[in-house]
Structure formats: C-alpha cells, structure tokens
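Me: Hey, I'm new to this one and could use a quick tour. Can you show it to me before I start asking things?

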Amino acid sequence: MTERTDVDIVLPSHRDPVVAGLSGAVGGPLGLHATLRRRFWTPLQVILLLTTLVFAFNWVQKSPCRDGAWENYDQYRNACYTDVLALYYAEELNKGYIPYLDHEVEYPVLTGIMMGVIGLPVHALISSGAVDALTPGNINEGTVFYDLTALALAGFGLVTAWAVVRTRERRPWDGAIVALAPAVFVTATVNWDYLAIALTALAILAWSRKRPGWAGVLFGLATAAKFYPLLILGPLVLLCFRRRTAEARLSALVTVSTGVFTWLVINVPFAIMAPDGWSRFFRLSSERPIDWGTFWYIGTHIPVGRDAEGKPELGLPPFVWLGEHIPALNTVAWLTFTLCCIGIAALVLFARRRPRLGQVAFLVVAAFLLTNKVWSQQFVLWLIPLAVLARPKWRAILIWQAAELAYFFSFYQILIRVSGGKTTVLPEAAFTLASIARWVSVAVLCGLVVREILRPELDVVRRDGVDDPEGGVLDETPPPRSPEVEQHPVAAVAT
C-alpha cells in the first residue's frame, strides 16, 4: 500500500445530500480542515472491509438452503434459493462429470470451468472417503461446493470493489455504493455472475490505465463467463472514433482484437471437443420463453378485462402472441435492443460533449436488460458497478435498489404459488407491479444518465475539471495541481 498526495478526494458527505444526512448519526460531515492522510483505514481498506461484511451477511442469508434439504418450498419461503447448490446436482458435478465433455452446461465456458474446478475436487475427495478420516460423520457435497463457491465469489466481489476504487482515484468512496448496494446482500451468491463482473471491472480499470491489450484480454475472459461484457466494446469503439486521435483508434483496435482472440482461445477447444455441450448455452438462449419480470412478461400479465365468468383476463394481444411464438419474440427483442443501441450511438456521436465511458457502458447494458426476454434476479449485479461509474449519486441508486428488493422478495412469493404452495399472501398482481417498478426504476436511471450526458454541467464526476476517469486514452483531464497550491483538504488513496 502506498499513498497518493497529488489527488483531491471527493468526500460524499460534502457532495451527496443522502450521505450528508446519514453522516449526522456519526457526528456530521467531515470538517473542512480535517485530513485523511493515514497509513491505515484508507477509503480502499474501508470499502474492502464493507464488501467482506456484506458477503458474510449473504452467506448467513443463504444458510437455510445450504444443506439442500428443500422441503415445503423452504428455499422460496426463506428467500435463500441459489443456483450454485441446485446446479451442483443438475449439472451432475456430484457424479464427477466434466462440464461440457461429459454433460452439457447451460452457461458460457469460463463459468462452466469455474464450476468444474471447484466441484470435481469436492466430489473426488468426498466420494473417495479421504475426508471422512479427518471429519467423522456424513459430509454434504452440495454444502461444501456452495461454501467454496461462495468464498470464491466473495473474492471476486473484493476484486470488483478494488477495481472500481482504483478506477476512481479522485472518488474512491463511490466504491461504497458497490459494496453496500442492498441487492448485493441477497443476490451475491445466487449464481456465478461475480466472476464476469470482476473481470469486467478489471478490464475497465486496465483501459483507464491506457493498457488496451490487457483490457482486451480481460474483456475476452469476461465475455467467456457471461455475455454482457461484450456489449461494452461497442460504446468503447464509438467513443474512440469520436475522439479522432490515432492513439484512441489504435487502442480500440488492440482491445477488440485481443478480446476476440482471448474469447476464441477459451471457447474453440470446447467447441471442437464437445460441440453439443459447448453450444447448449446458445441453444437455450434462443429457445427460452418469456422469463419472469421482463418487459415481455409485464405485457403478458397486465389485466385487460374480465372473461364471462368474471375472472381477470391477462395480457395485451401482441405480447401474448409473441409469448407463443418464440422465434418471433427473439427477433422483436433483438430489434428493440438494436433500436436502443442506435439511439445510444447517436448520443455518443452527436452529444455536445463526448460522454464518459461509464455512462455509455451503463446505458447499453441497461438497455439490454430492459428489452431482453430474460432478466434473472442476479442480473442486477451487472448494473451496480456500471451505475456507480455512470452516476454515483446515492438517492437514485437507493430508489432503484429498493425496487430490486421488492421484486426479489415478491418473486419468491410467486414461486411458492406456482409451485403449488397455498400459504402465500401476495396476489399475482403485486408481482406484476413489482416487475413494473423494477423496470421503471432502471429506465428512470437511464433517463438521468442521458440528461447528464446532454447537460454535462450536472455530472458530479466532471465537476472540478475532471473529464473521464475511466476513459484512458479518451480522458482529457488536465494533470493534477501541485499539493502545495491546493485549497481543499487532501486525502490519501491506497494504490
């Protein structure tokens, strides 16, 4: 750890009204003449500690489901369901099957590799009886697999927070939003998404440090784990095109080419050795029907009247038809997303001032979720770091997170109902309303980001002469002033 003394840290208790109000519980905002120059408890260390505590809380929250004894819909009643435990058996890791080679896996290759790297040794050690000699009694393979996976995901969560803080040296406390976003408490280990999220955060950090080759490698790895990081490369190329410098365009070319090469290195061997197992992700993506909580789900569940028996009729006719014709749904969903991308591209190319990379990355990933036919509960984790890079204001993010939590808990109530449970108190219409609230909250956040792109004077990141902290070759921020002439408190940033 070293300290930087050439950068002013933006203190959220001075700039953000929500944080300023909450700071009253600990004595109010930091004084104007206070200093944070210390060798311990730097912003980075505090944020990493908060991240650790949040993942520990998530482990406790999922604990009722760790044994896999899900009776009477306990996994839904306790809101502790996790794909990690369920898929240990569904993907037949408990039989020692190698992902893709022995059993088709529904996820991209790098996620399947992570499942195998953790799951196969667990099965081998426990089934061999070697562990029983050290630990008497029966050992639940699924529990051990979940615990080790949760530990690995916590590590990726720490990497994500670290990368966001290092990307934002002037605004390290923005990382606290990444650590404390309420949705992280309940969805952090629902699936393996934090692998891709950490790699994406590292890719953006590498780009911000003008290392396009490493950025490409990390983007390629991230896309080999989940699809969404690929979406960020398009805005990056457009921003470099608008920058109109040879360095920017060469950096974009290097990043894209190394990203594609890295993705091919990971995927081609599996595509050759196990084409059916490798292609399952793509087949499943094209065959899946309308998923819970999506824009298309809302359209098929909005009340439109009552039938002859007085029962409510649900679904607008175009949406109902699309739900029955999946190929047409795929086409319409991709067309809708494409139109959103065209609008974002116009914003990039014609806005009065070039948008920041974080703003455009958030918009394109959010547009994908808003228009896609699948929007799993843990996909919120994709957006949190990008939302912090795009618009690090607590109030709007907390409102969005409240909508996400309402959706999360109502979703499990509906799962009890559709699974045959009869003790839920949540009407089906309430879940539709929660889905609408989540959709609208993300759309509003997109609108606020667009407004700040069109009116850059409203962008809190660009205050005080900062241009694009994560922009790398795009960044036109002047060099920092000498500490001797600064008029504001100087704080330390762990590097």
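This is a predicted model: local features need pLDDT of at least 70, side-chain atom pairs count only at pLDDT 80 or more; totals for chains, interfaces and linings use all residues.

Me: Let's start with rings. How many aromatic pairs does a search of the whole structure find?

Reply: The search turns up 32 aromatic pairs. Take Tyr100 and Phe270: their ring centres are 5.4 Å apart and their planes sit at 65 degrees, so this pair is edge-to-face.

Me: Is Tyr100 buried or exposed? What about Phe270, buried or exposed?

Reply: Tyr100 counts as buried because its relative accessibility is 3%. Phe270 comes out at 15%, so Phe270 counts as buried too.

Me: Which aromatic cluster does Tyr407 belong to?

Reply: One whose members include Trp70, Tyr76, Trp292, Phe408, Tyr412 and Phe431.

Me: Which residue lies over the face of Tyr407?

Reply: That would be Arg438, at 3.7 Å from the ring centre. Arg438 also lies over the face of Trp375, at 3.9 Å from that ring's centre.

Me: OK, switching topic. What's Asp83 in contact with?

Reply: Leaving aside its neighbours within four places in sequence, Asp83 touches Tyr88, Tyr107, Val190, Asn191, Trp192 and Gln378. With Asn191 there's a side-chain polar contact of 2.8 Å. Asp83 is found in helix 5, and at a relative accessible area of 13% Asp83 is buried.

Me: How far is the C-alpha atom of Asp83 from that of Tyr146?

Reply: The two are separated by 9.4 Å, and the residues are 63 apart along the chain.

Me: Now helix 7. What should its span be?

Reply: Helix 7 covers residues 141–167, which is 27 residues. At 1.5 Å a residue, helix 7 should span 39 Å, and its end C-alpha atoms are 39 Å apart, so the two agree.

Me: What caps the N-terminal end of helix 7?

Reply: Asn140 does, with a side-chain oxygen 2.9 Å from the backbone nitrogen of Gly142.

Me: Last topic: how many salt bridges does a search of the whole structure find?

Reply: There are 23 salt bridges. One joins Arg171 and Asp174, whose closest N and O atoms are 2.8 Å apart. Arg171 is buried at 10% relative accessibility, and Asp174 is buried at 6%.

Me: What about Glu457 and Arg352, how do their side chains meet?

Reply: In a salt bridge of 3.6 Å, N to O. This pair links distant parts of the chain, 105 residues apart: Glu457 is in the segment after helix 21, and Arg352 is in the loop between helix 17 (326–350) and helix 18 (357–371). Glu457 counts as partly exposed at 47% relative accessibility, whereas Arg352 counts as exposed at 61%.

Me: Which residue does Asp467 form a salt bridge with?

Reply: Arg462, with the closest N and O atoms 3.2 Å apart. Salt bridges that share partners join Arg243, Arg353, Arg354, Arg462, Asp467, Asp468 and Glu476 into one network.

Terms used
Residues are numbered from 1 along each chain as its sequence is written. Side-chain values use heavy atoms; hydrogens and water are left out. Helices (H or I, at least four residues) and strands (E, at least two) are DSSP runs, numbered from the N terminus. The expected span of a helix is 1.5 Å times one less than its number of residues. A polar contact is a pair of N or O atoms within 3.5 Å; within protein, one must be able to donate a hydrogen and the other to accept it, and residues adjacent in sequence count only if both atoms are side-chain atoms. Rings of Phe, Tyr and Trp (its six-membered ring) pair if their centres lie within 6.5 Å; planes under 30 degrees apart count as stacked, over 60 as edge-to-face and the rest as tilted. Buried means under 20% relative accessible area, exposed over 50%, partly exposed in between (1.4 Å probe, protein chains only). A charge sits over a ring if NZ of Lys or CZ of Arg is within 6 Å of the ring centre and within 35 degrees of the ring normal. Contact means heavy atoms within 4.5 Å. A salt bridge is a side-chain nitrogen of Lys or Arg within 4 Å of a carboxyl oxygen of Asp or Glu.
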